[in-house]
Amino acid sequence: GEVLKNLNKFYKRKEIQRLGAENGLDARLFHQAFISFRKYIMESSSVSADLHIILNDICCGFVLLGHVDDLFPFFLRHAKQIFPMLDCMDDLRKISDLRLPPNWYPDARAIQRKIIFHAGPTNSGKTYHAIQRFLSAKSGIYCGPLKLLAHEIFQKSNDANVPCDLVTGEERVFANEDSRQSPHVACTIEMCSTNTPYEVAVIDEIQMIRDPARGWAWTRALLGLCAEEIHVCGEPAAIDLVTELMYTTGEEVEVRNYKRLTPLTVLDDALESLDNLRPGDCIVCFSKNDIYSVSRQIEARGLECAVIYGSLPPGTKLEQAKKFNDPDDPCKILVATDAIGMGLNLCIRRIIFNSIMKPTVNEKGEKEIDSISTSQALQIAGRAGRFGSSFQQGEVTTMHRDDLVQLKEILGEAVPPVQAAGLHPTPEQIEMFAYHLPDATLSNLIDIFVSLSQVDGMYFVCNIDDFKFLADMIQHIPLNLRSRYVFCTAPLNRKEPFVCTTLLKFARQFSRNEPLTFDWLCRHTKWPLAAPKNIKELVHLEAVHDVFDLYLWLSYRFMDMFPDAVLVRDIQKKLDDIIQIGVCNITKLIRASQSAAAPGTADVVSEDFPLSRTRKDARVVSDRHGAASTEALSIAVEAAGLRRAKNSRASQLGGRQEDLKSYGRGSLANRLLREGLLTQEMLRQLESEWQDQHRNGRHGFGSKRDDQHSSKETRKKRK
């Protein structure tokens with residue numbers, strides 16, 4: 001007891017904390033080191049003799065012989081054993097000093113570049129003017145956020161008889177038949193070269209420099225491209241930051257402002273019912289479940305609709321856009337996520353927001369649910385009434401009356417200025433860290449790098465959660481550091497288990513020096529694959545498409561180990577066609593999913609639905625009341641946090657219509673709506689289902705008392 005008391009006294013002394021800080025132990029490391037040191041002393045049977053003597057002197061109260069401060073050398077020695085970086089802290093701090101990113105690009109600093117900022121809203125012609133200059137230059141590079149955009153510029157350029165190559169993470173296409181490099185190239189921004197000289201460079205969607213995950217790529221392009229002219233396109237909100245960044249490089253920024261080319265009107269009335277849809281309407285949803293639900297309801301009204309969402313392959317998105325845009329096609333309605341905000345040319349008369357709540361990821365990598373930002377709302381709303389389309393005036397509204405007031409407020413606010421530009425540790429920096437810390441895992445190296453890194457106020461370190469997730473996943477596989485780093489930067493969605501498992505298998509076979517052949521990939525993915533019969537199969541096909549993308553991405557980094565890129569690209573095109581068939585029949589797939597689902601399960605549960613659980617947790621309604629277990633009910637109850645897998649009764653909504661209405665307007669429902677856990681669409685479906693039950697004389701949802709009990713439990717679980 002005396003030892004523990006003196007150790008805690010040592011821990012609390014300000015002088016000791018100050019000494020720790022001088023030796024590289026910040027508050028967090030100091031605390032962790034002390035916990036380990038205390039455990040070592042209290043539990044070890046072989047404490048060193050000199051430490052034993054000091055502890056004895058302190059505990060026996062020999063003031064002249066021992067003081068708790070005398071423990072510090074032993075504490076520091078222990079801390080260095082568990083945190084080896086303490087021995088080389090000065091070197092590590094120098095390596096992770098990110099305060100002067102312009103100096104990382106000596107080739108760009110060696111020339112005086114002209115920076116032109118084309119600023120304006122969606123549909124203002126800003127990118128058009130930058131591209132015209134790109135086409136007239138002797139050489140040029142276009143850097144965009146999406147494969148679709150890079151592909152569009154590649155196509156436009158070659159159609160204008162300006163030979164242009166295409167470079168994305170997964171694809172290289174040469175304009176010249178002999179595979180000679182063309183003077184022009186269109187690429188995704190992560191793939192741009194900072195060593196090749198160009199006359200003109202175009203950086204599209206510059207406001208994405210603030211993106212928590214990808215912002216580093218825009219920073220790298222802006223600071224590092226070796227071009228005489230850099231044409232930057234994007235929101236006016238980024239002007240001040242770009243000007244400040246260029247001030248540090250000694251380069252001036254010329255700003256050219258553009259106004260929207262066609263009028264955009266925010267309507268005074270919400271749509272309120274899908275019966276009020278008109279040709280050229282686009283309903284924007286922020287979850288796949290809403291996409292499925294809305295598209296099925298549209299088809300039930302005898303209308304045909306196109307569907308576009310983020311995880312669809314680019315080819316399928318283009319085909320769906322083409323179908324919607326074709327004046328001779330009977331498909332006149334589009335249901336889409338915010339994936340339409342960039343990269344697709346669409347003939348939209350009216351944008352209808354199905355909801356204005358959207359799940360987002362903040363700078364710390366945490367998932368939040370909030371109303372869409374002004375920037376997002378403008379980007380999406382601006383897709384209506386595209387210049388040169390058949391609709392020369394755009395309109396925007398919401399599905400539900402309650403959302404319209406808030407949407408008007410959001411659209412009326414000024415877009416907050418972009419505050420900082422993203423940065424990301426380079427492979428070279430991580431290699432230098434590894435040299436000093438040979439026993440640290442890659443995930444730990446990244447953690448230490450971020451904790452020691454110093455940035456000035458114009459920059460932030462991008463969130464590296466996806467990188468760390470992959471680093472931890474493949475840590476047990478023996479790979480050299482450079483290869484490990486490449487595998488960890490692979491662009492995949494970590495919420496897709498099949499894709500993650502495949503990366504693991506790729507890495508394992510790679511480590512054994514066994515090439516990943518076409519035959520191996522076909523066996524793993526069970527190719528050839530049939531057209532999907534339900535939503536689950538469609539989602540799996542999308543995951544297989546991502547696996548093919550992953551193979552192609554790795555094939556450009558390890559050509560010998562992923563040798564069959566040509567064959568894989570061929571089957572990927574065939575898979576794209578199969579997915580297109582599925583999407584064209586999406587409402588049939590939804591019906592098949594619902595009819596095949598076991599009573600009480602929500603088969604149509606998407607990984608991008610706000611706070612969605614596993615399918616096991618989604619079983620919230622019992623077999624006994626299977627009639628009430630529709631998709632909307634199961635999702636709404638799941639989102640509200642009501643897990644009833646073992647309960648023999650369905651979740652209760654009340655015995656009378658008035659009760660349901662008060663539920664719909666009461667504090668719980670309002671809170672769920674506000675937090676994005678429940679949408680107006682779900683609430684209306686619940687009300688409709690209850691009314692059907694009431695008309696049939698069956699109160700299948702139970703008693704009011706049970707409803708109150710459920711609400712109390714819900715509040716407890718939310719707290």
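## Surface and overall make-up

The chain exposes about 32,900 Å². Carbon and sulfur atoms supply 51% of that area. The model is a predicted one. Of its 719 residues, 53% count as buried.

The chain holds 29 helices and 18 strands. Its contacts can be sorted by distance along the sequence. Among those with a separation of 6 or more, 75% join residues 24 or more positions apart.

## The loop between α21 and α22

Helix α21 covers residues 518-525, and α22 covers 535-555. The loop between them carries two backbone features.

One concerns Lys526, which is placed in this loop. Phi of Lys526 is near 60°, a positive value in a residue other than glycine. Is the residue buried or exposed? Lys526 is exposed, because its relative accessible area of 64% lies over the 50% cut-off.

The other concerns Pro528, in the loop between α21 and α22. The peptide bond leading from Trp527 to Pro528 is cis. Its omega is near 5°.

## The loop between β4 and β5

Strand β4 spans 171-173 and strand β5 spans 184-188. Ser179 sits in the loop between these strands. Phi of Ser179 is also positive, near 65°, and the residue is other than glycine.

How does Ser179 stand in terms of accessible area? Its relative accessible area is 42%. Ser179 therefore counts as partly exposed, since that class lies between the 20% and 50% limits.

Conventions: Residues are numbered from 1 along each chain as its sequence is written. This is a predicted model: local features need pLDDT of at least 70, side-chain atom pairs count only at pLDDT 80 or more; totals for chains, interfaces and linings use all residues. Side-chain values use heavy atoms; hydrogens and water are left out. Helices (H or I, at least four residues) and strands (E, at least two) are DSSP runs, numbered from the N terminus. Buried means under 20% relative accessible area, exposed over 50%, partly exposed in between (1.4 Å probe, protein chains only). Contact means heavy atoms within 4.5 Å. Accessible areas come from the Shrake-Rupley method with a 1.4 Å probe; for residues, only the protein chains shown count as cover.
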